[in-house]
Amino acid sequence: MTRDPRYDILFEPVKIGPVTAPNRFYQVPHCNGMGYRYPSSMAEMRRIKAEGGWGVVNTEEMEVSHMSELSPIPEARLWDDQDMPILQKMVDGVHAHGALAGAELAHLGGGASNHYSREIPVGPSARPVDLLDPIHVRPMDKTDIKALRKMHVDAALRCKKVGFDIIYLYCGHSMTTFTQFLSRQHNERGDEYGGSLENRARLLREVLSDVRDAVGDRSAVAIRMGLLLEERANGPVCNEEGRDVIHMMSDLVDLWDMQVGDWPFDSSTSRFEPQGYQDSHLAFVKQATGKPVVGVGRYTSPDAMVSLVKNGVIDLIGAARPSIADPFLPNKISEGRIEDIRECIGCNMCVTGDFLATPLRCTQNPTMGEEWRRGWHPERIPPAKAVESVLVVGGGPSGLEAARALGQRGYQVTLAEAEAETGGRVAVESRLPGLAEWGRVADYRQYQISQMANVAVYCQSRLTAEQVLEFEADHVVIATGSKWSASGKGRSNPHGIPTAPDAQVLTPDDISAGAIPRGPVIVFDDDYYYIGGLMAEKLRLEGHEVTYVTPAADVSHWTHNTMEQGRIQSRLIDLGVNIVPLHNLLAITGDMAELACIYSDKRQSLPCGAAVLVTMRDAIDDLFTDLSAMAQAPKSLTRIGDCLAPGTIAAATYSGHRFARELGEPIPDGVPFRRELPALADD
Ligand code: ADP
Ligand code: SF4
């Protein structure tokens, strides 16, 4: 296939100071939960992005000193020469594919607590650190400022030595020292580094100029610049000072990588913002600078990318999440394979890797984070050793991914799905408010499968154990999913919730299937991820009086890890949902719900016409159990996805993919992946 000439503009080289990007596809710095702790994993993940056609591949934020470090979150480090081999590995991998490598130097002021180094964080003014740690920032004196300038020069020189083509200063979000010096809220200094904007910008200007002097002959000097938003009557607008800073620094900067708002807005999920949600805020930047501009906005559509470039909004298509979901997105556009793009769904499962300090996971791309330790490539899988037949029962994310990947390996695959369409839980959940893009999990796989002659899909085919055996497949995979429990059983009520016989008790499955609750509704969320909050939102939007009860401290508590929690809670408050945190649901009588405070056991009763219980899901594994009990057996019978153990959609696609990769392959004894172990010091 050949490239559509409309997209040629995306493959034009772009000059960035002394270097030239081979195309406009720009992987912006993004955290990955690997950093210094899993360096080979990090380097291989970045290399694969370059292989997939990204013209520029950047590090995540890279700590320039032990004086400002984010432990326990594993970011990149460049504290001294000892960190250079790790970065060298990344740079060499990126260069091997003709891409440019970029390094984002980070000093985090009050954004870092220094748990590991135990150094006192420094920043413009005295105040507690931004993280909720009992630690204060010490205001920087002139010696500290001198030291900070030197740290950046030293780090930049090390970057130049390992061959980075672009060297950044991180001045984004609200958590960096430069942002905090610029901010009126953070900077209360009375010296030449505080007060007027010119003074507050002085440190940034000095460091930019130092770094430029040190490395600007060979490396481009870039800035990751955050535009803070201010609420106005017609919606948020960019803070005027952001514009002034661009004017003030333009002579020192070869490239502007723009961010809008704080990290939760900058990385908004699709539940809250559509593709291109930052465009309107960025429109002015190119008028303010003659230098190339990068912007992000979860862009996966090449048409949208072309129009951004043609309309002069940005020069380089910045992407973190689209490059995670599909490291080969640029090559697919180049090769005229638009339909093969695995589009990001905007769920932020990848972001959880940072908060949980583990290598990032992706709902759409099950190979993400597994490139080095398992040797999984996002586009290639070794072919099957024998042409055998596989029956996959259930066409949700796990069954679809298993069928797709098995088909790719050359197996003869049949996928049987009980419903009229495949998709399983994503088909259902993508109809909930804000989750339409989640349907891409099924879309991508359905299309791939439709192109494979060796994969047949039969919908409206609810199979029994006898029918499965009649099929005589060599291998049978059970991917029959899970359903929400109506018993109330879960973390807070291990034996379920006592319920009067006349009470209306519903589950999220019932609500999704169209059940209408009667009277005031209590949504009880003992699950803590997105479904409880979404049930409250949906029912309130449909006009019901809704009370959301949870034993957690806040709504949809686990979504702190996807950076959605604040927006979910605000949305429910705006909609008029009554929120009762820190309470368990003890019992449901005919028309009342009895609650107990989780700390004091103090009781209260609330009117309850219907209760929606979001507590746990039960695996639908009866088909597996029936088949396991039969004498006649296929070569292999395996459960995958939610049928094995209910979990996230990311866990389901991973489970299906893993099964497909491992079928017919020797399973190693012990730990099934390569490990990166800390080395003993010499003495
Ligand atoms: P997962 O997340 O593990 O993929 P889902 O719940 O999303 O699980 O999908 C399970 C799918 O299996 C659903 O689409 C459901 O209709 C289908 N299914 C369940 N039981 C059967 C069966 N006996 N035969 C065929 N399909 C089934
Ligand atoms: Fe996109 Fe979700 Fe994958 Fe992150 S985890 S890249 S948001 S699909």
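**Close-up views of a predicted model**

**View 1. Proline 72 lies in the loop between strand S4 (56–63) and strand S5 (76–77).** Helices (H or I, at least four residues) and strands (E, at least two) are DSSP runs, numbered from the N terminus. The peptide bond that joins serine 71 and proline 72 is cis, with omega of about 10°. Most residues other than glycine have a negative phi, and most peptide bonds are trans. This is a predicted model, in which local features need pLDDT of at least 70 and side-chain atom pairs count only at pLDDT 80 or more, while totals for chains, interfaces and linings use all residues. Residues are numbered from 1 along each chain as its sequence is written, chains are lettered from A and ligands numbered from 1 in the order in which they are written, and side-chain values use heavy atoms, with hydrogens and water left out.

**View 2. Methionine 563 has a positive phi of about 65° although it is not a glycine.** Methionine 563 belongs to the loop between strand S24 (546–549) and helix H21 (565–575).

**View 3. Three strands form an open sheet in the order S7-S9-S8, with mixed pairing.** Strand S7 (122–123) and strand S8 (127–128) stand at the edges, each with a single partner strand, so one side of each is left without a neighbour in the sheet. Two strands pair if DSSP finds at least two bridges between them. S7 and S9 pair in the parallel sense over two bridges, and glycine 123 stands opposite proline 139 in S9. S8 and strand S9 (residues 136–139) pair in the antiparallel sense, also over two bridges. Here arginine 127 has valine 137 in S9 as its bridge partner. Strands of a sheet pair through backbone hydrogen bonds, either parallel or antiparallel.

**View 4. Strand S26 (residues 583–588) and strand S27 (residues 592–597) run antiparallel and are joined by five bridges.** A hairpin through three residues connects S26 to S27. Alanine 587 stands opposite glutamate 594 in S27. Glutamate 594 also has a bridge partner in S28, namely serine 605. S27 and strand S28 (residues 603–607) run antiparallel, with five bridges joining them. These two strands, S27 and S28, form a hairpin with five residues between them, and aspartate 601 in the turn has a positive phi of about 65°.

**View 5. Around ligand 1 there are 23 residues, of which Ser398, Glu417, Ala418, Arg425 and Asp642 come nearest.** A residue is near a molecule or strand if one of its heavy atoms lies within 4 Å of it. The residues of this shell divide into eight nonpolar, ten polar and five charged. In this count Ala, Val, Leu, Ile, Met, Phe, Trp, Tyr, Cys and Pro are nonpolar, Asp, Glu, Lys and Arg are charged, and the others, Gly among them, are polar. A backbone N or O atom of serine 398 lies 2.8 Å from an oxygen atom of ligand 1, and one of proline 397 lies 3.1 Å from an oxygen atom of the ligand. For leucine 463, a backbone N or O atom lies 3.1 Å from a nitrogen atom of ligand 1. Taken alone, ligand 1 exposes 580 Å², and the protein buries 92% of that (accessible areas come from the Shrake-Rupley method with a 1.4 Å probe). A polar contact is a pair of N or O atoms within 3.5 Å.

**View 6. Around ligand 2 there are 14 residues, of which Cys344, Cys347, Asn348, Cys350 and Cys362 come nearest.** The elements that give two or more residues to this shell are helix H12 (321–325) and helix H14 (349–356). H12 gives the most, with three residues. The shell around ligand 2 divides into eight nonpolar, four polar and two charged residues.

Conventions: Polar contact = N/O pair within 3.5 Å; in protein donor to acceptor, adjacent residues only side chain to side chain.
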